[in-house]
Structure formats: C-alpha cells, structure tokens
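Subject: Structure handover

Hello,

Here is the structure we talked about. Please open it alongside this note, and my findings follow below.

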Amino acid sequence: MPIRPILRYPDPRLALTAQAVTAFDDSLHELATDLLDTMRAAPGIGITAPHIGIALRVVVLELDRADGAQTYVNPEIAFASPEMIMHREGSVSMPGISDEVERHLRIRISYQDIDGDTHTEESDGLRAVCHQHEIDQLNGLFWIKRLSRLKRERAIKRFEKVSRG
C-alpha cells in the first residue's frame, strides 16, 4: 500500500476534530494499512488519520514490531488514573522535536476494531501515553499544546531551525 504524505506542523488540519468512522468497509482497511506503512516509513510508533489529512478517528500503534500493530477506530478514554507520569513525546508531523509531557499513568479506552466490533483496553506506561497522545490528536490537540508556553515556543523554534536544514 502507498506511503502517504504526512502533514507538517503548523498545518491547520492538525487542529481539526476528527469525525467518527461509520463505514467499516474496504476503504477503512486500506486506510489502516496505509497508516501503518506511513508510520513505519516516518518512522514512528503511532499515527492518526489526521496526520495524513484524513479527518477520521483512526489510530494505528506499533510499540514493538515483534508484537505487531493495532488499529483503534473511534477510540475514547473511559478512565484515567489520578497518578501522572512524565514521558518524552514527539510527532511524525514535527520530526526531530521532542519534549517531556505529563500524562495519566493508567487509562482505559473503548474503541472499535476495523470490523466495527467494540472493545475496551487498559494500559499503563508507554501504551497509555501513546493512547492519550493520539486521542488528543483526534480531538485537534497537537502534543505541543500540552507544554508550557515557553517550552512550546522553544519547540517551535527548534522545529523551524531543523526544517530549514
């Protein structure tokens, strides 16, 4: 399947709220495959349909290639623990830039698979961080918005410098 172009920050489409998937058909399967191929080429461990300019609530995560990738359709956070952790994050839409972001240590999400079946998943650590990061993106909240204003401005300046070469 084709590797799709990834939107780069500050593309305004990254700030849009993605729409729920209602058609669980061949085009959704193709989108999930394209997202996985695009994420691996980036490289990254998570990607959303909005990262490639498609405003649908689809996430692909692959934290370990040996464990394989998983596609989450219409994911929502159902529970978030009060305990928080700091974790270094970045984005395929802002390559080369990362910073520490505070997230919930444990979460539970509800989602559908690419066939439309409903599931719940509990996670902690890196997987919980990734779920929160990607669901934020589906809601139009780019990860640097979680940083203090000063850290956000520094990250943007670093990205502009890196982008210029």
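Predicted model: local features only at pLDDT ≥ 70, side-chain atom pairs only at ≥ 80, totals over all residues.

The largest pocket holds about 360 Å³ of space. It is lined by 21 residues, and those closest to its centre are Gly44, Ile45, Gly90, Ser91 and Val92. Which element gives the largest share of the lining? Helix 2 does, with 5 residues. That helix spans residues 125–138. Strand 4 (84–90) also supplies at least two lining residues. By type, the lining divides into 9 nonpolar, 9 polar and 3 charged residues.

The strands

Strand 6 (residues 106–112) pairs with two partners, so I take them in turn.

Strands 6 and 7 form a hairpin, with 5 residues between them. Look at Gly116 in the turn: its phi is positive, about 95°.

Tyr111 also sits in strand 6. Is Tyr111 buried or exposed? Its relative accessible area is 7%. The cut-off for buried is under 20%, so Tyr111 counts as buried. Leu56 lies 55 residues away from Tyr111 along the chain, and their C-alpha atoms are separated by 13 Å.

Helix 3

Helix 3 covers residues 149–164, 16 residues in total. From first C-alpha to last it reaches 23 Å, close to the 22 Å expected at 1.5 Å a residue.

Which residues of helix 3 are buried? They are Arg152, Ala155 and Phe159. These three lie on the same side of helix 3, because they cover an arc of only 60° around the axis. The other side of the helix carries exposed residues: Arg149, Lys157, Lys161 and Arg164. Note that an arginine, Arg152, is on the buried list, while Arg149 and Arg164 are exposed.

Gly165 follows helix 3. Its phi is positive, near 95°.

Best wishes

Note on methods: Residues numbered from 1 in each chain as written. Heavy atoms only, no water. 1 Å grid on protein atoms, 1.4 Å probe; cavity = no way out; pocket = protein on both sides within 12 Å on 5 of 7 lines; lining within 4 Å. Points joined across faces, edges and corners; volume = space filled by probe spheres on them. Helix = DSSP H or I, 4+ residues; strand = E, 2+ residues; numbered from the N terminus. Nonpolar A, V, L, I, M, F, W, Y, C, P; charged D, E, K, R; others polar. Pairing = 2+ DSSP bridges. Expected span 1.5 Å × (residues − 1). Buried < 20%, exposed > 50% of the residue type's maximum accessible area, 1.4 Å probe, protein only. Arc of directions from axis to C-beta.
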